[in-house]
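Work through the exercises below with the sequence and the structure side by side, and try each task before you read its solution.

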Amino acid sequence: MSRMSPGVMAQTACDWLAEQREAMTECLKTLVNIDSNSYDKAGTDAVADVIVEWLEADGIAVSRTPRPEAGDILEAKLPGTGGDAASGHVLLMGHRDTVFPTGTVAERGYTQRGDLAYGPGVADMKSGLVLNVFVLRALTRLDPLPFPVHALFTADEEIGSRDGTAFIREAAAGARAVLNAEPGRISGNVVTARKGGAALLIEVEGRAAHSGVSHADGASAIEALARKIVKLHALTDYASGVTTNVGLIEGGVSRNTVAPMAKAQLDTRFVTNEQRSELLARIEAIVAEEEIPGTRATVRQTSGFLPMEPAMSEALFARYQAQAEKLGFSVDGEFTGGCSDAGTTASMGIPTLCGTGPVGAKMHTDDEYCRLETFVPRAQAVAATILDLARDSRT
Ligand SMILES: [Zn+2]
């Protein structure tokens, strides 16, 4: 077989995808109608079963890593035997879990009204999973692919990818680009920058004493925490995009006891990794200060996402935008304060684009929807962008 030029390859993939709208919609219905809350291993694994079946039916190899606590990890790999294989693969990413409790499907499963599809996780991100599956299926029709294309399907993004992050790092290592199929914005835009976030637990220990009989013997953990909270909140700087929020506090044992313990959960957001390091250092210093003699405080991170810095998406986005234009739709890049797995790969220094899934809105609510008419063009844009990445090393 003679080698296709990248342009012919993109055309071949896009032509195939153009015929898949109904098949994609059917697949979306199937995935939405499987409950797959992050803590529902049976559910996220059932979604995996279906994805494996679809890919294997088209001759695509999928490896499955069983996970005892979280949902299994799936990784599909299209081998790339073209001349460009040495400069790394492209990784498509997506998460199979949703925020909706098991039983939601029985209450309100997949429905469709005209161009809009509804149901738990329909946009975030069952539609993105389907898009990635069909992009792989389109690319497997090209022979030889100029370089390998992999797709990772994780199962715990909505609870901070505690299990998934290590697999993401491993799958992304050496990649030339990562495309994460979170839902496209309501504007039709993709996501070119995201804040990072860290969830921190602060625990303060004091000394109990009867507040009437021996007040002076006590050391109030609540007072120590209160003083820290004021300082922690003062770290917020809207201009630079850094925010801190103590959203939950607890402490004390009774009104008339000087509090021996207090706890706070602190949410932090930042735009760059440099801000992250600086912020965490300042938080540690505030926690370490002994404002009330006899109290002692510790802080630890309970979950977090690294930021997706705009510089890591710039060139890849320009490529995607050019391909979208050729396909007849205009798209821009957008910044969001929400975190995702894209921050993990962007922080590894890998060009990363997020929000490449079909357009969706009202994520994490009962009104969540996906715009079905964006399925085909956005799948085509991802496929064309991937193939366009082959051109660099040919010049
Ligand atoms: Zn998501």
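**Exercise 1: Peptide bonds around a helix**

Pro144 lies in the loop between H5 and strand S6 (149-154). Please keep in mind throughout that this is a predicted model.

Solution. Then move to Met125, which is found in helix H5; here a cis peptide bond joins Asp124 and Met125, and omega is about -10°.

**Exercise 2: The protein as a whole**

Task: Describe how many helices and strands the protein has, what its C-alpha trace spans along the principal axes, and what share of its residues is buried.

Solution. Start with the secondary structure, which comes to 11 helices and 18 strands. Next take the extent of the C-alpha trace, which spans about 90 × 50 × 35 Å along the principal axes of the protein. Then turn to burial: of the 395 residues in the protein, 50% are buried. Finally, consider the contacts with a separation of 6 or more, of which 78% are between residues 24 or more positions apart.

**Exercise 3: The nonpolar cores**

Task: Which residues of the largest nonpolar core touch the most other members, and which helix gives the most to this core?

Solution. The largest nonpolar core has 82 residues, and those that touch the most other members are Ala13, Val135, Leu139 and Ala383. The helix that gives the most to this core is H5 (residues 122-139), with 12 residues. To see the surroundings of one of these residues, take Ala383 and leave aside its neighbours within four places in sequence: Ala383 is then in contact with Ala10, Ala13, Cys14, Leu17, Val135, Ala138 and Leu139. There is also a second, separate core, which has 25 residues and includes Leu200, Leu225, Ala264 and Phe270.

**Exercise 4: Two pairs of helices**

Task: For H7 and H8, decide how the two helices run relative to each other, and then do the corresponding for H9 and H11.

Solution. Two packed helices are described by the angle between their axes and the distance between the axes. The axes of H7 (residues 221-233) and H8 (residues 273-288) come within 10 Å and cross at roughly 160°. Angles over 145 degrees count as roughly antiparallel, and H7 and H8 are therefore roughly antiparallel to each other. The crossing in which H7 passes H8 is right-handed. Lys228, Lys231 and Leu232 of H7 make the contact with Ile283, Ile286 and Val287 of H8. Sorted by class, the contact of H7 with H8 has four nonpolar residues, two charged residues and no polar ones.

For the second pair, H9 (residues 314-327) and H11 (residues 375-388) pack at an angle of about 125°, and their axes are 9 Å apart. That angle makes H9 oblique to H11. H9 also passes H11 in a right-handed crossing. On the H9 side the residues are Arg319, Tyr320, Gln323, Ala324 and Leu327, and in H11 they meet Pro377, Gln380, Ala381, Ala384, Thr385 and Asp388. By class, the contact of H9 with H11 divides into six nonpolar, three polar and two charged residues.

**Exercise 5: Residues in loops**

Task: Is Gly71 buried or exposed, and why does Lys362 count as partly exposed?

Solution. Gly71 is found in the loop between strand S1 (61-65) and strand S2 (73-78). A residue is buried if 20 or more other C-beta atoms lie within 10 Å of its own; Gly71 has 28 C-beta neighbours inside 10 Å and so counts as buried. Not counting residues up to four places away in sequence, Gly71 touches Lys41, Thr44, Asp45, Ala48, Arg96, Asp97, Ala155 and Asp156.

Lys362 has its place in the loop between strand S17 (360-361) and strand S18 (369-371). Because Lys362 has 14 C-beta neighbours inside 10 Å, this residue counts as partly exposed. Although Lys362 is not a glycine, its phi is positive, at about 55°. His364 also lies in the loop between S17 and S18, and His364, not a glycine either, has a positive phi of about 70°. With 14 C-beta neighbours inside 10 Å, His364 counts as partly exposed.

Methods. Residues numbered from 1 in each chain as written. Predicted model: local features only at pLDDT ≥ 70, side-chain atom pairs only at ≥ 80, totals over all residues. Axes fitted to C-alpha atoms, helices over the stretch in contact; angles between N-to-C directions. Helix = DSSP H or I, 4+ residues; strand = E, 2+ residues; numbered from the N terminus. Parallel < 35°, antiparallel > 145°, perpendicular 65-115°, else oblique. Left-handed = near helix turned anticlockwise from the far one by under 90°. Contact = placed C-beta atoms within 7 Å. Nonpolar A, V, L, I, M, F, W, Y, C, P; charged D, E, K, R; others polar. Core = buried A, V, L, I, M, F, W, Y, C linked by C-beta atoms within 7 Å. Buried ≥ 20, exposed ≤ 12 C-beta atoms within 10 Å, placed from the backbone.
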